[in-house]
Amino acid sequence: VESPACILKMWDCGLKNVACLFGTEISTSLIGLLMRYNLKKIIIATNNEPDNANIGNLAAQKIKNKLLSYFDPENIIIKLPTKKDFAEMTCDEIYKWNQN
């Protein structure tokens, strides 16, 4: 996710397996951290901002392209929040997002 507010909301809703980008780009240190784990799936969930030049939407694709150098393409999923970001969603909305 992009921001500390989003990660805190997800933690508040019980989703603990989350990393924060602190922006719209993935750092090499975060990629290194992800590589240390035997991850079966990486979900990219940047902000969903069609009304703001699709900043988060475009960032998600850029992050996916970067991760493709390190991970199996089938394990990288772009799954944006149903609202602008997770901080604007209720726990019920986040649970539904996570189930789909």
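These exercises work through the fold, the surface and selected residues of a predicted model.

**Exercise 1. Secondary structure**

Task: State how many helices and strands the protein chain has, and in which order they run.

Solution: 
- Count first. The protein chain has four helices and two strands.
- Then order them. Starting at the N terminus, the elements read α-α-β-α-β-α.

**Exercise 2. Overall dimensions**

Task: Compare the radius of gyration of the protein chain with the value for a compact globule.

Solution: 
- For 100 residues, a compact globule would have a radius of gyration near 13 Å.
- Take the value of the model. The protein chain has 13 Å, so the two agree.
- Along the principal axes, the C-alpha atoms fill roughly 35 × 30 × 25 Å.

**Exercise 3. Burial, surface and contacts**

Solution: 

**Exercise 4. Charges**

Task: Find how far apart the mean positions of the positive and negative charges lie.

Solution: 
- The protein chain carries 12 positive and 11 negative charges.
- Their mean positions are 6 Å apart.

**Exercise 5. The aromatic pair**

Task: Search the whole structure for aromatic pairs, then classify the geometry of phenylalanine 86 and tryptophan 97.

Solution: 
- The search of the whole structure finds one aromatic pair.
- The ring centres of phenylalanine 86 and tryptophan 97 are 4.8 Å apart, and the planes meet at 75°. Planes over 60 degrees apart count as edge-to-face. The pair is therefore edge-to-face.
- Phenylalanine 86 is in the loop between strand S2 (76–78) and helix H4 (91–99), while tryptophan 97 is in helix H4. They are eleven residues apart.
- Check burial, for which the cut-off is under 20% relative accessible area. Phenylalanine 86 has 0%, so it is buried. Tryptophan 97 has 7%, so it is buried too.

**Exercise 6. Alanine 60 and leucine 39**

Task: Say where alanine 60 and leucine 39 lie, whether each is buried or exposed, and which residues they contact beyond four places in sequence.

Solution: 
- Alanine 60 belongs to helix H3 (residues 55–67). Its relative accessible area is 0%, so alanine 60 is buried.
- Beyond its neighbours within four places in sequence, alanine 60 is in contact with Ile44, Thr46, Ile78 and Leu80.
- Leucine 39 sits in the loop between helix H2 (28–36) and strand S1 (42–44). At 26% relative accessible area, leucine 39 is partly exposed.
- With neighbours within four places set aside, leucine 39 is in contact with Leu34 and Asn75. From leucine 39 to isoleucine 76, 37 residues apart along the chain, the C-alpha separation is 9.9 Å.

**Exercise 7. Positive phi**

Task: Give the phi values of phenylalanine 22 and alanine 53, and state whether each residue is buried or exposed.

Solution: 
- Phenylalanine 22 has phi near 60°, a positive value in a residue other than glycine. The residue is in the loop between helix H1 (4–12) and H2. Its relative accessible area is 65%, so phenylalanine 22 is exposed.
- Alanine 53 also has phi near 60°. Alanine 53 is in the loop between S1 and H3. With 58% relative accessible area, alanine 53 is exposed.

**Exercise 8. Two loop residues**

Task: Locate asparagine 47 and threonine 90, and assign each a burial class.

Solution: 
- Asparagine 47 is in the loop between S1 and H3. Its relative accessible area is 7%, so asparagine 47 is buried. Outside four places in sequence, its contacts include Glu2, Cys6, Leu80 and Asp85.
- Threonine 90 is in the loop between S2 and H4. At 39% relative accessibility, threonine 90 is partly exposed. The C-alpha atoms of threonine 90 and cysteine 13 are separated by 8.4 Å, although the residues are 77 apart along the chain.

How values were computed: Residues numbered from 1 in each chain as written. Predicted model: local features only at pLDDT ≥ 70, side-chain atom pairs only at ≥ 80, totals over all residues. Heavy atoms only, no water. Rg over C-alpha atoms; globule rule 2.2 N^0.38 Å. Lys, Arg positive; Asp, Glu negative; His and termini not counted. Charge placed at Lys NZ, Arg CZ, Asp CG, Glu CD. Phe/Tyr/Trp six-rings, centres within 6.5 Å; stacked < 30°, edge-to-face > 60°. Buried < 20%, exposed > 50% of the residue type's maximum accessible area, 1.4 Å probe, protein only. Contact = heavy atoms within 4.5 Å.
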